[in-house]
Amino acid sequence: DHFHSPLPEGKTVKKCIVIGLDGARCDTAAESTKEAHSGLALLAAQGGLYIAKAGGDSLLHTQATKTTSGWTTILTGTWANEHHVWYNGIIKRTNPKTFLTTLVQDGSAGSAEFFTWWPWHVQKAYSTYRLESFYTRLHGLPVRWNTLAGEDELRTALLTAVAKPDCADILFNIYERPDETGHQFGFSSDVPEYKQAVRDCDKDAYDVIKTIEARASYAAEDWLILMVTDHGGQDKDHGNLSDDCCFIFIATNKAVTANE
């Protein structure tokens, strides 16, 4: 909708970035907004902070609250009964395409970049977007699928990307630390390590947003900036349809009308 809507007066190009915090629970994210330099708090003040639901919206549309299932739903706008990524280790079919490929292919966006370090998104033989990444290369579409060496390299690569004068029109990034830490120590605001992992990623997102706002061309760019998680967690895992796993957040610099 952002890319298909008219440009506001004084704007010349549409831009979008989605900053993902893998496995960040709603309650822990809400606590993070009270800290200084919170990306979530910054976006909430500009547009809004919303609660959404992973795992499907009905008995006919249910899926495991797993990483690849959640991100594929976010990237395609469909549940697993359509995208067929029911679990980690399943390759998504070419259709439905992610909005990165769709918007570049229909000419709404000039280019797109995906950033991750977790190899199961693109790099492995059974990675979720392996087929779609091949499709974009085959058709010469300017969609780049970046797999970095680790979280530090990912952070640097994203900051570098958004600072470039010719940065991609769409950027999609996934920070993995909340999920990694939750599996090791537990998904809970009562777990200091997990709470800090969410806070650190929230601070990283703040730095990215401020770097975008410092762009020389920012005044002429119509940016949609979102922060979102793919699932929550319970104890040291996720995947079931409990509230702890299903409830997710979406923060955005533009107010949205949420569906019931």
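The largest pocket of this predicted model has a volume of about 1,500 Å³. A pocket here is an open set of points on a 1 Å grid over the protein atoms alone, where a 1.4 Å probe fits, with protein on both sides within 12 Å along at least five of seven lines. Grid points are joined across faces, edges and corners, and the volume is the space filled by probe spheres set on them. The largest pocket is lined by 42 residues, and T73, I74, G77, L226 and I250 are the closest to its centre. Lining residues have an atom within 4 Å of a point. At least two lining residues each come from strand 1 (13–21), strand 2 (48–53), strand 3 (56–58), helix 3 (67–76), helix 5 (99–105), strand 8 (221–228) and strand 9 (247–252). Helices (H or I, at least four residues) and strands (E, at least two) are DSSP runs, numbered from the N terminus. By class, the lining holds 19 nonpolar, 14 polar and nine charged residues. Ala, Val, Leu, Ile, Met, Phe, Trp, Tyr, Cys and Pro count as nonpolar, Asp, Glu, Lys and Arg as charged, and the others, Gly among them, as polar.

Residues are numbered from 1 along each chain as its sequence is written. Local features need pLDDT of at least 70, side-chain atom pairs count only at pLDDT 80 or more, totals for chains, interfaces and linings use all residues, and side-chain values use heavy atoms, with hydrogens and water left out.

Helix 9 (residues 192–213) packs against helix 7 (residues 151–163), their axes coming within 8 Å and crossing at roughly 20 degrees. This angle makes helix 7 roughly parallel to helix 9. Axes are lines fitted to C-alpha atoms, for helices over the stretch in contact, and angles run from 0 to 180 degrees between N-to-C directions. Angles under 35 degrees count as roughly parallel, over 145 as roughly antiparallel, 65 to 115 as roughly perpendicular and the rest as oblique. On the helix 7 side, the contact uses E151, R155, L158, L159, V162 and A163; on helix 9 it uses C201, D204, D207, V208, T211 and I212. Contact means heavy atoms within 4.5 Å. Seven of these residues are nonpolar, one is polar and four are charged.

Helix 8 (residues 177–185) also meets helix 9, with axes that come within 9 Å and cross at roughly 175 degrees. Helix 8 is therefore roughly antiparallel to helix 9. R177, P178, T181, G182 and F185 of helix 8 touch E193, Y194, A197, V198, D200, C201 and D204 of helix 9. This contact has six nonpolar, two polar and four charged residues.

For helix 2 (residues 39–46) and helix 9, the axes come within 7 Å and cross at roughly 55 degrees. Helix 2 is thus oblique to helix 9. G39, L40, L42, L43 and Q46 of helix 2 meet D202, A205, Y206, I209, K210 and E213 of helix 9. Six residues of the contact are nonpolar, two polar and three charged.

Some loop residues also stand out. The N95 to P96 peptide bond is cis, with omega near 0 degrees. P96 lies in the loop between helix 4 (80–83) and helix 5. H84 is in the loop between helix 4 and helix 5. Its phi is near 65 degrees, a positive value in a residue other than glycine. Q123 sits in the loop between strand 5 (112–116) and helix 6 (130–138). Beyond its neighbours within four places in sequence, Q123 contacts R130 and T147. Its C-alpha atom is separated by 9.8 Å from that of S133, ten residues apart along the chain.
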